[in-house]
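Dear colleague,

Please find below the structure that I am handing over to you. My notes on what was found in it follow directly after.

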Amino acid sequence: MDHQVSGAIERRFAKYVEGLTSVIGHADRAVPLRDYCVGLLAAEGRKSVEPLAAVTAPAGLSVQHQKLLHFVANAPWPDERVLAKVREMVVPAIERHGPIDAWIIDDTAFPKQGTHSVGVHHQYCGQLGKQANCQVVVTLSIANHHASLPIAYRLYLPQEWADDAARREKAHVPREITFKTKPQIALEQLREACKAGVPRGIALMDASYGSNSALRTGVSALGLAYVAGIVSTVKVRAVHDRAATERMSVKKLALSLPKHAWRTITWREGTADRLRSRFARIQVRTAPIRGAARRAEETLLIEWPEGEAEPTKYWLSTLDKNISFRRLVDIAKMRWRIERDYQELKQEIGLGHYEGRGWPGFHHHGTLCIAAYGFLVSERETIPPSAPRSSRMLTKPAIPNGYRPRGAPDPAATSHPQLDRDPASQIGHRDRPNAAPMPMLRAQLQTKQTACSMTQ
């Protein structure tokens, strides 16, 4: 391995962790913060506290386990400030390839066997595709065509939990946390991002959020444009020459469109071929029977792939109606980028591996996973485009020959699927926006006692 490259990545990682340390609070939290992030990046397999302790201090496993457990589960450090610092450090790397295009609203679920972990409830679990015991987190991500990054992360607390004082106290749910629907949480995250001066983008959301008219109204009130997925039963009035037609469902409207209204649009390259489908767009007003004329016009975008019996997806857009057709489709399809974030955060960083039951620890673990992921996003450029494809993908490598972590003995001696998710067949290397150098980074963190001994 090139020692210069290894040394450079160590220095960048040390600087990155130093930035996080500046907002974490007490100085004695700096070492466990660094070790936790190193563990998330360097450990193989499950990323609960014990494996992280094993990879960062195998000679003092018991002590390290207690330190990391206290840091993540009990230490009162501010998630919001850490996430803001991650954003501050990573956004410049994303923006080197263009401005932020989108703010993506979404949620992800973590299946759970028991019922005691904070927020666990029998609800729809997208990872399993059915109702099940799970926790659900609402997130807000920023994205352009180069990369994406979650910037807000909040557990959805079901009504049964929000109203149960005993369960709240046992799980250390803060008093200020009250019941809010997922769209309400999402709108709150958007408001906070606006207040924080996050570079603005077009709000994107799937049909489980976009069909909520209050959320769409709230997005517009913030001065944000949106491209929002909606369900086929949403009713609109088509606008022709400033006159609104009868009120009907978007599905009925789509089926009534003439053949010449449909165009085949290609929006990006997929795994084996360019991604294309048939689309139509028409100006509409979303309104109840009364007051339709007072509603602003929006663009209804409809997808009807060849071979399908009926349209499959619908979006409402408040972008300029004269935007190019391909650009509108491209923006609508950018929402799939968040699926890559979830996939890589769960598979590579261990987002769903936290085993504690309390509110603080659950959010601390999520924050640190996003922090580790943010470093990978910022490091993506360190692997040149000419490098082998496998080295640019987030796959799990074999531990390098000769690797022996600090204090270790010599080994020779001893996932509702979302309502409008893209088909899995369209997911591949060219669609992995954050294809950061995980194998190289993990090897460098593992060898020579690098990151976990830098300040010791």
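In this predicted model, the second largest pocket has 25 lining residues. Those nearest its centre are Glu80, Ala152, Tyr153, Arg154 and Glu192. The volume of this pocket is about 680 Å³. Four elements each contribute at least two residues to the lining: helix 5 (79-95), strand 4 (148-155), helix 8 (182-195) and helix 14 (359-379).

As to the cysteines, the structure contains 0 disulfides. For Cys125, the closest cysteine sulfur belongs to Cys134, at 4.3 Å, which is too far for a bond, since a disulfide requires the two sulfur atoms to lie within 2.5 Å. Cys125 is also buried, with a relative accessibility of 0%. Cys194 is likewise counted as buried, its relative accessible area being 16%, because the cut-off for that class is under 20%.

Helix 4 may also be of interest to you. This helix comprises 13 residues, 61-73, and its span from first to last C-alpha is 18 Å, close to the expected 18 Å. Which residues of helix 4 are buried? They are Gln64, Leu68, Phe71 and Val72. These four lie on the same side of helix 4, because the arc they cover around the axis is only 90°. In general, an α-helix has 3.6 residues a turn, so residues three or four places apart point the same way.

With kind regards

Definitions and conventions
Residues are numbered from 1 along each chain as its sequence is written. This is a predicted model: local features need pLDDT of at least 70, side-chain atom pairs count only at pLDDT 80 or more; totals for chains, interfaces and linings use all residues. Side-chain values use heavy atoms; hydrogens and water are left out. On a 1 Å grid over the protein atoms alone, a cavity is a set of points where a 1.4 Å probe fits but cannot get out, and a pocket is an open set with protein on both sides within 12 Å along at least five of seven lines; lining residues have an atom within 4 Å of a point. Grid points are joined across faces, edges and corners, and a volume is the space filled by probe spheres set on the points. Buried means under 20% relative accessible area, exposed over 50%, partly exposed in between (1.4 Å probe, protein chains only). The expected span of a helix is 1.5 Å times one less than its number of residues. The arc is that of the directions from the helix axis to the C-beta atoms.
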